[in-house]
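Reader: I would like to learn how to read a protein structure, one feature at a time. Where do we begin?

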Amino acid sequence: MAKRKRNTNGESAAAPPVLPAKKIKSTPKPDTPTTIQIIAGSYDRILHGLTATISPKDDVEFADTFLFNAHTSAIRCLALSPPSAPVPKQTQKVILASGSTDERINLYHLSAHAPSHVTVPAIAALSTKAVAENPQNKELGSLLHHASSVTGLYFPNRSKLLSSAEDNTIAVTRTRDWSLLSTIKAPVPKSMGRPSGDTAPLGGAPSGVNDFAVHPSMKLMISVGKGEKCMRLWNLVTGKKAGVLNFERDMLAEVGEGRYTSGEGRKVAWGATDAGEEFCVAFDKGALVFGMDSKPKCKVVPQPREKGQRWTKIHQMCYLQVDEKEDIQVLAVSTEDGRILFYSTRPDDLTTAPAEKGKEAPLPAAKLVAILDGKDAKNPVEEKNGDEKQPSKTDDKTPRIKDFQALKVGEGNSQYIIIVAGRSDGAIKLFKLSASELISKGKEAKGVGELLGTVSTGNRITCLKAFVMLPSFEGNDDGYESFDGISEDDGDSSSSSDSE
């Protein structure tokens with residue numbers, strides 16, 4: 001047995017230093033193009049994935065990544081998980097979840113890296129978009145945790161998936177083995193008459209969770225349901241109800257909810273300003289912003305594009321951070337008339353209308369900071385005799401923006417925001433704007449957003465998600481071993497073995 005060599009200095013031999021794993025930065029360099037992965041769900045049961053590559057000169061090239069019938073019914077919601085942890089010589093992946101009215105939640109693995117090459121180039125005679133398939137995009141399976149239509153999906157982190165449905169349940173699923181950890185059951189509302197637009201069966205009452213939002217601390221959650229003029233607060237630590245906030249009649253009247261409307265919340269979102277945290281509840285025609293004391297702070301009532309109308313419908317909303325140092329966030333709202341409106345809910349920007357005689361003062365209104373118009377620029381149509389014909393009023397109607405996503409690209413002074421908007425006519429538009437344009441400065445709202453590109457999906461979009469892709473993976477990302485061909489040595493060895 002050989003003896004161990006002793007160290008002459010009396011110290012143990014130091015172990016070789018362990019080099020840290022090299023991490024892949026998600027922020028591209030200013031000179032490199034930016035690739036955005038867009039996923040759109042539609043009424044036509046089709047899940048459409050495409051990439052938008054933005055060059056440093058703001059030129060956009062679209063390419064299809066996948067297109068198939070994902071469900072047997074209309075797709076209602078989508079969710080994306082954070083990318084997986086970087087591992088040397090392995091690609092990072094994102095989990096995609098899609099919910100539908102067929103009670104299923106389909107799961108997919110998407111590559112977080114930009115495609116390295118184009119599979120099928122764009123052919124002018126056949127299609128205007130190229131095809132960039134990625135073998136890393138795979139289907140994982142389906143979840144059958146709900147007994148009714150799925151209404152909402154959310155990944156608070158990569159290890160958990162929250163889903164809501166019209167069966168009055170919110171399910172918590174573990175992504176490691178896709179097992180159901182817990183089910184939060186909301187009470188079934190009592191039937192108090194049939195509101196307009198009610199689709200419940202005769203003798204029944206409308207029920208189900210419309211939307212939910214998880215607090216950034218992962219300990220609280222708020223939800224709104226059908227047939228309920230209230231909002232529920234849940235404790236995610238215990239999985240039990242923490243409180244109920246009822247919407248008063250005067251409060252609902254401020255946002256256009258009257259006697260013949262349901263008065264139920266449609267969307268909820270958490271946000272914050274320099275004055276503290278807040279949450280917003282969106283109704284059919286307006287939204288209410290509450291403080292952490294559950295008292296109404298202000299109202300958001302979008303004004304329609306046309307002067308003859310009084311209200312316009314809200315389809316989607318989210319909070320967007322425009323200043324990280326001062327923690328300034330604005331509320332972005334998409335409307336029925338094809339616009340995205342940005343509101344400031346800071347206390348200094350609120351305006352209060354004078355009170356009428358014998359009535360209390362109305363709620364302060366949030367300040368409209370900027371307007372992003374998604375209307376198409378239509379040129380006059382030329383007639384046969386050469387005269388110009390102006391488009392009719394029916395042609396001027398802008399399709400509604402069903403869903404949108406705000407993405408931050410770059411760092412420091414070169415950082416900008418990309419707005420990906422999905423319209424009801426199947427068009428997806430990309431807008432570019434800077435965060436400084438959304439900070440409240442003047443008295444009147446200004447138009448923002450530079451249109452980078454438009455692509456048509458051919459389907460009626462219901463939901464949309466997008467994320468900024470990582471740089472292309474350096475290596476064999478096709479999922480197959482590379483084949484370098486047969487060398488002369490291999491041929492000689494094979495022939496000699498056959499001769500033996």
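Reader: Which residues do ring pairs link into a cluster?

Author: Keep in mind that this is a predicted model. In it, ring pairs link Phe 247, Trp 270, Phe 279, Phe 283 and Phe 290 into a cluster.

Reader: How many aromatic pairs does the count come to?

Author: The count comes to 6 aromatic pairs. Phe 66 and Phe 68 form a tilted pair, because their ring centres are 6.1 Å apart and their planes stand at 50 degrees. Phe 66 counts as buried, at 13% relative accessibility. Phe 68 counts as partly exposed, at 30%.

Reader: And how is the pair of Phe 279 and Phe 290 arranged?

Author: That pair is stacked, with 5.4 Å from centre to centre and 15 degrees between the planes. Phe 279 belongs to strand β18 and Phe 290 to strand β19 (residues 287-291), so the pair links distant parts of the chain, 11 residues apart.

Reader: Are Phe 279 and Phe 290 buried or exposed?

Author: Phe 279 is buried, with a relative accessible area of 4%. Phe 290 is buried too, at 0%.

Reader: Now the cysteines. What is a disulfide, and how many does a search of the whole structure find?

Author: A disulfide is a covalent bond between the sulfur atoms of two cysteines. In this structure the search finds 0 disulfides.

Reader: How far apart are Cys 280 and Cys 298 in sequence and in space?

Author: They are 18 residues apart in sequence, and 9.6 Å apart in space from C-alpha to C-alpha. Cys 280 is buried, with a relative accessible area of 0%. Cys 298 is also buried, at 0%.

Reader: Where is the place of Cys 280, and which residues does Cys 280 touch?

Author: Cys 280 is in strand β18, which covers residues 276-282. Leaving aside residues up to four places away in sequence, Cys 280 touches several others, including Lys 267, Ala 287, Met 317, Tyr 319 and Leu 331.

Reader: Which side chain does a polar contact join to that of Lys 299?

Author: The side chain of Glu 254, in a polar contact of 2.8 Å. Glu 254 is also among the residues that Lys 299 touches, which include Val 255, Leu 288, Pro 362 and Pro 364.

Reader: Last, sheets. What is the order of strands in the open sheet of 4 strands?

Author: The order is β9-β10-β11-β12, with antiparallel pairing. The edge strands, each pairing on one side only, are β9 (150-157) and β12 (179-185). From one strand to the next, the twist averages 20 degrees.

Reader: How many bridges join β9 to β10?

Author: There are 5 bridges between β9 and β10 (residues 160-165), and the two strands run antiparallel.

Key. Residues numbered from 1 in each chain as written. Predicted model: local features only at pLDDT ≥ 70, side-chain atom pairs only at ≥ 80, totals over all residues. Heavy atoms only, no water. Disulfide = S-S within 2.5 Å. Buried < 20%, exposed > 50% of the residue type's maximum accessible area, 1.4 Å probe, protein only. Pairing = 2+ DSSP bridges. Axes fitted to C-alpha atoms, helices over the stretch in contact; angles between N-to-C directions. Polar contact = N/O pair within 3.5 Å; in protein donor to acceptor, adjacent residues only side chain to side chain. Contact = heavy atoms within 4.5 Å. Phe/Tyr/Trp six-rings, centres within 6.5 Å; stacked < 30°, edge-to-face > 60°.
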